[in-house]
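Subject: A structure for you to look at

Hi there,

Here is the structure I promised to pass on. Have a look at it first, and then read on for what I found.

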Amino acid sequence: MQSWSTPYEHCFDCGLRYVPDPVDLGMFMYVSTAAITGIFLLAYFLIGFPESGWARIVIGAAGLAFILLTAPLRRSLGIGFNYATDILFAPEPPA
Ligand SMILES: [Zn+2]
């Protein structure tokens, strides 16, 4: 079923497959999720651990919400980066 968070597999005009290798996109999602987690942890350490348990819950929930809400955007970025690197670093055709 098509939902707002699921990208189309190919272009309807030219048939270009957006994600030839799902592992590449999975790796981008994994690394970007890890980066967001790292940024929130770093901010947590820089700000200092709040005394209140509620403040910790709010910060944790904000981090989780940020990861979930940015997932469609990061997936789109991943598809774009993947396509760009495929073009930029494609092996030269034999002469
Ligand atoms: Zn197209």
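Let's start where H1 meets H3. On the H1 side of this predicted model, the residues in contact are Asp24, Leu25, Phe28, Met29 and Ser32, and their partners in H3 are Arg74, Arg75, Gly78, Ile79, Phe81 and Asn82. Sorted by class, the contact of H1 with H3 has five nonpolar, three polar and three charged residues.

How do the two helices lie against each other? Two packed helices are described by the angle between their axes and the distance between those axes. For H1 (residues 22-47) and H3 (residues 71-88), the angle is about 130° and the axes are 9 Å apart. H1 and H3 are therefore oblique to each other. Their crossing is right-handed.

Now follow H1 to its other partner in my notes, H2. H2 covers residues 53-69, and its axis comes within 10 Å of the axis of H1, with a crossing angle of roughly 155°. An angle over 145° counts as roughly antiparallel, so that is how H1 and H2 are arranged. H1 passes H2 in a right-handed crossing. Thr33, Ile36, Thr37, Phe40 and Tyr44 of H1 make this contact with Ile59, Gly63, Phe66 and Ile67 of H2. By class, the contact of H1 with H2 has six nonpolar residues, three polar ones and no charged ones.

Stepping back to the whole protein, how many helices and strands does it have? There are three helices and zero strands, and along the sequence the pattern reads α-α-α. The radius of gyration is 18 Å, well over the 12 Å that the globule rule gives for 95 residues, so the protein is more spread out than a compact globule. Along the principal axes, its C-alpha atoms fill a box of roughly 65 × 35 × 15 Å. Buried residues make up 1% of the 95 residues. Among contacts with a separation of 6 or more, 68% are between residues 24 or more positions apart.

Is tyrosine 8 buried or exposed? A residue counts as exposed if 12 or fewer other C-beta atoms lie within 10 Å of its own; tyrosine 8 has 9, so tyrosine 8 is exposed. Tyrosine 8 and valine 19 are eleven residues apart in sequence, and their C-alpha atoms are 9.4 Å apart in space.

Enjoy exploring it!

Best wishes

Key:
Residues are numbered from 1 along each chain as its sequence is written. This is a predicted model: local features need pLDDT of at least 70, side-chain atom pairs count only at pLDDT 80 or more; totals for chains, interfaces and linings use all residues. Axes are lines fitted to C-alpha atoms, for helices over the stretch in contact, and angles run from 0 to 180 degrees between N-to-C directions. Helices (H or I, at least four residues) and strands (E, at least two) are DSSP runs, numbered from the N terminus. Angles under 35 degrees count as roughly parallel, over 145 as roughly antiparallel, 65 to 115 as roughly perpendicular and the rest as oblique. A crossing is left-handed if the near helix is turned anticlockwise from the far one by less than a right angle, and right-handed if clockwise. Two residues are in contact if their C-beta atoms, placed from the backbone, lie within 7 Å. Ala, Val, Leu, Ile, Met, Phe, Trp, Tyr, Cys and Pro count as nonpolar, Asp, Glu, Lys and Arg as charged, and the others, Gly among them, as polar. The radius of gyration is taken over C-alpha atoms; the globule rule is 2.2 Å times the number of residues to the power 0.38. A residue is buried if 20 or more other C-beta atoms lie within 10 Å of its own, exposed if 12 or fewer, and partly exposed in between; C-beta atoms are placed from the backbone.
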